[in-house]
Amino acid sequence: MNTAFNGCSNICDIYCAASEGYRQQFSCLGTDADRVFVTGIPNFDHAAVHLNNSFPYRGYVLVATSDIRETFRKDDRPAFIRRCIGLAAGRPLIFKLHPNEEKERAIREIREAAPPEALIFTEGNIEQMIANCDELITQYSTVVYIGIALGKKVHSYFDVEKLKELAPVQNGGQSAALIADLCRRYVEFKGRREEFLRTARVITSSLHERERTAYSRHYSNQEGVYPTPG
């Protein structure tokens with residue numbers, strides 16, 4: 001068990017969820033839906049900001065690896081690399097290694113199987129790399145949500161359609177403010193929790209809808225309308 005299961009404990013007074021999809025998932029796993037508020041989540045709520053960047057490459061397939069073996073799980077890395085080559089179908093490949101990976105081993109494996117012109121990055125801003133790629137291949141990485149928000153074709157060991165349902169809302173980077181506002185109002189509330197949940201639901205929904213309207217073009221369900229890079 002780890003922190004990913006905190007939303008299933010139902011012991012907190014209030015939960016902040018990245019999306020309506022996560023709110024429904026926490027509810028299905030045992031958390032009272034009335035306690036879960038969709039606020040968005042920092043770091044994943046303004047993907048469009050990465051479109052304006054200085055990363056020099058474009059038009060490639062990006063592979064974001066995961067630290068599966070370093071966390072004592074099984075990973076057939078050679079098979080994964082072969083799959084990436086097949087999905088790229090002759091297009092340029094860029095590999096971005098997870099920071100926790102054993103870098104020398106990972107680089108050696110890629111060099112043994114991938115085309116010689118494939119690029120490998122052990123550092124760098126992966127969000128900008130995603131913004132400039134044509135297609136994104138991941139294993140278990142949450143950066144897949146950046147690709148989804150930017151309308152990229154994505155691959156994952158998780159079910160992609162489920163990931164699209166869970167994808168964090170895009171509100172122009174307002175999630176932290178919405179979370180802080182909700183927590184502040186709860187700390188200062190003098191009544192019972194049930195009373196706060198009833199009133200806060202209306203207020204938070206109104207605030208979130210206002211942000212959604214203001215930043216509607218940053219949403220992955222807005223028919224591919226995104227700011228122009230640069």
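**Salt bridges, exposure and packing**

Me: There are 14 salt bridges in the structure. What makes a pair of side chains a salt bridge?

Reply: The term requires a side-chain nitrogen of Lys or Arg within 4 Å of a carboxyl oxygen of Asp or Glu. Side chains of opposite charge can pair when their charged atoms come close. The model is predicted, so local features need pLDDT of at least 70 and side-chain atom pairs count only at pLDDT 80 or more, whereas totals for chains, interfaces and linings use all residues. Residues are numbered from 1 along each chain as its sequence is written, and side-chain values use heavy atoms, with hydrogens and water left out.

Me: How do you know that arginine 91 and glutamate 135 form a salt bridge?

Reply: Their closest N and O atoms are 2.8 Å apart, so the pair meets the definition. Arginine 91 lies in the loop between α2 and β4 (93-96) and glutamate 135 in strand β6 (residues 135-138), so the contact ties together parts 44 residues apart in sequence. These elements are DSSP runs numbered from the N terminus: helices are H or I with at least four residues, strands E with at least two.

Me: Why is glutamate 135 called buried, and why is arginine 91 called partly exposed?

Reply: Buried means under 20% relative accessible area, exposed over 50%, and partly exposed in between (1.4 Å probe, protein chains only). Glutamate 135 has 7% and is therefore buried. Arginine 91 has 30%, so it counts as partly exposed.

Me: What separates lysine 164 and glutamate 161 in helix α6?

Reply: They are three residues apart in that helix, which means about one helical turn. Their side chains meet in a salt bridge at 3.7 Å, N to O. Lysine 164, at 44% relative accessibility, is partly exposed.

Me: Which residues are linked in a network of salt bridges?

Reply: Asp13, Arg192, Arg193 and Glu194 are. Within it, arginine 193 and glutamate 194 meet at 3.8 Å, N to O. Arginine 193 is partly exposed at 24%, as is glutamate 194 at 32%.

Me: Why is α2 called oblique to α3?

Reply: Helix α2 (residues 77-88) and helix α3 (residues 103-113) pack at about 50°, with axes 10 Å apart. That makes α2 oblique to α3, because angles under 35 degrees count as roughly parallel, over 145 as roughly antiparallel, 65 to 115 as roughly perpendicular and the rest as oblique. Axes are lines fitted to C-alpha atoms, for helices over the stretch in contact, and angles run from 0 to 180 degrees between N-to-C directions.

Me: What makes asparagine 43 stand out in phi?

Reply: Asparagine 43 has a positive phi of about 80° although it is not a glycine. It sits in the loop between β2 (36-38) and β3 (61-64) and is exposed, at 64%. Alanine 89 also has a positive phi, about 50°, and is not a glycine. Alanine 89 belongs to the loop between α2 and β4 and, at 62%, is exposed.

Me: Where is tyrosine 157 found, and why is it called partly exposed?

Reply: Tyrosine 157 is in the loop between β7 (153-155) and α6 (160-166). Its relative accessible area is 36%, so it is partly exposed.
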